[in-house]
Amino acid sequence: MGRSFYTFIVVPNTSSRLHKLKLPVRILRVLAGIGFLSFFVVVGLGFNYAKMAFKAADYDKLQSENTNLKVQKKNLEVAALKLSEKITNLETVSARIQSLIENEGPPKRGKLNTAAVGGSTVDYPTAELLRSANIKDGLNMLKTQVAGMEGTFSILDDVMQKRSRDRQFTPSLWPVKGAITSHYGNRADPFNGEAELHLGLDISALFGARILAPADGRVIFAERKAAYGNLIVIDHGNGLTTRYGHLSRFLVKVGQKVKKNETVIGLVGNTGRTTAPHLHYEVRLNDRAVNPRTYLPKG
């Protein structure tokens with residue numbers, strides 16, 4: 001049996017001459033098989049390359065995400081540490097302010113029936129504890145704690161401001177330096193020896209000594225008044241007024257505002273019913289005389 005051939009005729013564009021290519025069927029089959037295998041090899045290699053490329057891209061992405069997570073974790077740890085330090089400082093200040101407001105010392109220790117003791121000997125910072133827990137949850141906890149403390153500080157700030165205003169308008173300073181020659185209360189009248197109620201303090205001072213306002217307020221009276229001699233009356237609000245008698249000179253006028261320990265309201269004198277230069281000083285609550293020593297510091 002003769003061999004089978006395939007004849008391929010090639011017609012060039014620039015020539016009318018034909019070219020024949022005769023190939024045996026076996027060779028064509030071999031070439032077809034090689035081409036088929038080559039196709040699958042190329043396709044397989046293409047898939048493998050694509051797969052490796054995707055893996056490389058995923059690896060790079062994971063590396064980048066891992067780096068970002070490390071940076072975020074570090075930032076969270078730093079933020080937790082700062083919040084922890086801030087809370088510690090706020091708690092210390094809060095305790096001091098509350099102690100000042102309440103005027104109380106540390107709580108007294110009570111007697112226990114059993115010796116219940118314990119605690120850690122290591123001072124773990126909060127940030128270090130959070131490293132072993134969920135950092136974000138820990139930060140949320142710290143933020144909540146800070147928010148609560150800010151609310152507490154707002155209340156304490158209001159209380160302190162009110163206390164500061166009250167102190168500023170409370171006559172808690174000596175208006176003039178000197179010895180007390182006559183206290184508040186019952187005494188013998190220096191002129192006739194009869195019993196009388198002395199409504200203030202007599203403070204001995206040199207003639208012309210300066211008298212300072214012991215609290216913020218407004219002058220409501222400044223003129224001569226009978227036994228008081230030259231008298232100044234200052235209204236401090238909340239029902240508190242103060243009186244200054246026997247002055248030699250007025251240095252303020254009615255309606256003028258005075259500042260605590262800053263405004264010189266007058267000079268010590270010997271006017272009115274008096275035996276020698278001194279300041280008669282009164283404190284009145286709702287227009288009733290009270291002992292000025294209640295408001296004054298000792299000494």
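The turns below go from the whole protein to its helix, its salt bridges and its core.

Me: What kind of model is this, and how are its residues numbered?
Reply: This is a predicted model, in which local features need pLDDT of at least 70 and side-chain atom pairs count only at pLDDT 80 or more, while totals for chains, interfaces and linings use all residues. Side-chain values use heavy atoms, with hydrogens and water left out, and residues are numbered from 1 along each chain as its sequence is written.

Me: How many helices and strands are there in the protein?
Reply: Helices (H or I, at least four residues) and strands (E, at least two) are DSSP runs, numbered from the N terminus. Counted in this way, the protein has three helices and 14 strands.

Me: What percentage of the residues count as buried?
Reply: Buried means under 20% relative accessible area, exposed means over 50%, and partly exposed lies in between (1.4 Å probe, protein chains only). Among the 299 residues of the protein, the buried share is 26%.

Me: How are Phe36 and Phe40 placed in the chain, and which kind of aromatic pair do their rings form?
Reply: Both residues lie in helix H1 (residues 25-102), four residues apart, about one turn of the helix. Rings of Phe, Tyr and Trp (its six-membered ring) pair if their centres lie within 6.5 Å; planes under 30 degrees apart count as stacked, over 60 as edge-to-face and the rest as tilted. A search of the whole structure finds three aromatic pairs. The ring centres of phenylalanine 36 and phenylalanine 40 are 4.5 Å apart and the planes are at 70°, so this pair is edge-to-face.

Me: Is phenylalanine 36 buried or exposed?
Reply: The value to compare with the cut-offs is the relative accessibility of phenylalanine 36, which is 51%. Phenylalanine 36 therefore counts as exposed.

Me: Which residues form one aromatic cluster?
Reply: Phenylalanine 40, at 45% relative accessibility, counts as partly exposed. The rings of phenylalanine 39 and phenylalanine 40 have centres 5.6 Å apart and planes at 75°, so they too are edge-to-face. One aromatic cluster is formed by Phe36, Phe39 and Phe40.

Me: How many salt bridges does the count come to?
Reply: A salt bridge is a side-chain nitrogen of Lys or Arg within 4 Å of a carboxyl oxygen of Asp or Glu. By this rule the count is seven.

Me: How many residues apart are aspartate 202 and arginine 187?
Reply: These two residues form a salt bridge, with the closest N and O atoms 3.2 Å apart. The pair links distant parts of the chain, since aspartate 202 is in strand E6 (residues 201-204) and arginine 187 is in strand E4 (residues 185-188), at a separation of 15 residues.

Me: How many residues apart in sequence are the parts that aspartate 189 and arginine 273 tie together?
Reply: Aspartate 189 and arginine 273 form a salt bridge whose closest N and O atoms are 2.9 Å apart. Aspartate 189 lies in the loop between E4 and strand E5 (195-198), and arginine 273 in the loop between strand E12 (264-268) and strand E13 (278-285), so the parts tied together are separated in sequence by 84 residues.

Me: Is aspartate 216 buried or exposed?
Reply: Aspartate 216 meets lysine 259 in a salt bridge (3.2 Å, N to O). Lysine 259 is partly exposed, with a relative accessible area of 40%. Aspartate 216 has 5% relative accessibility and therefore counts as buried.

Me: Which residues have the most contacts inside the largest nonpolar core?
Reply: A nonpolar core is a set of buried Ala, Val, Leu, Ile, Met, Phe, Trp, Tyr and Cys residues joined through side-chain atoms within 4.5 Å. The largest one has 21 residues, and those with the most contacts inside it are Ile232, Tyr244 and Ile265.
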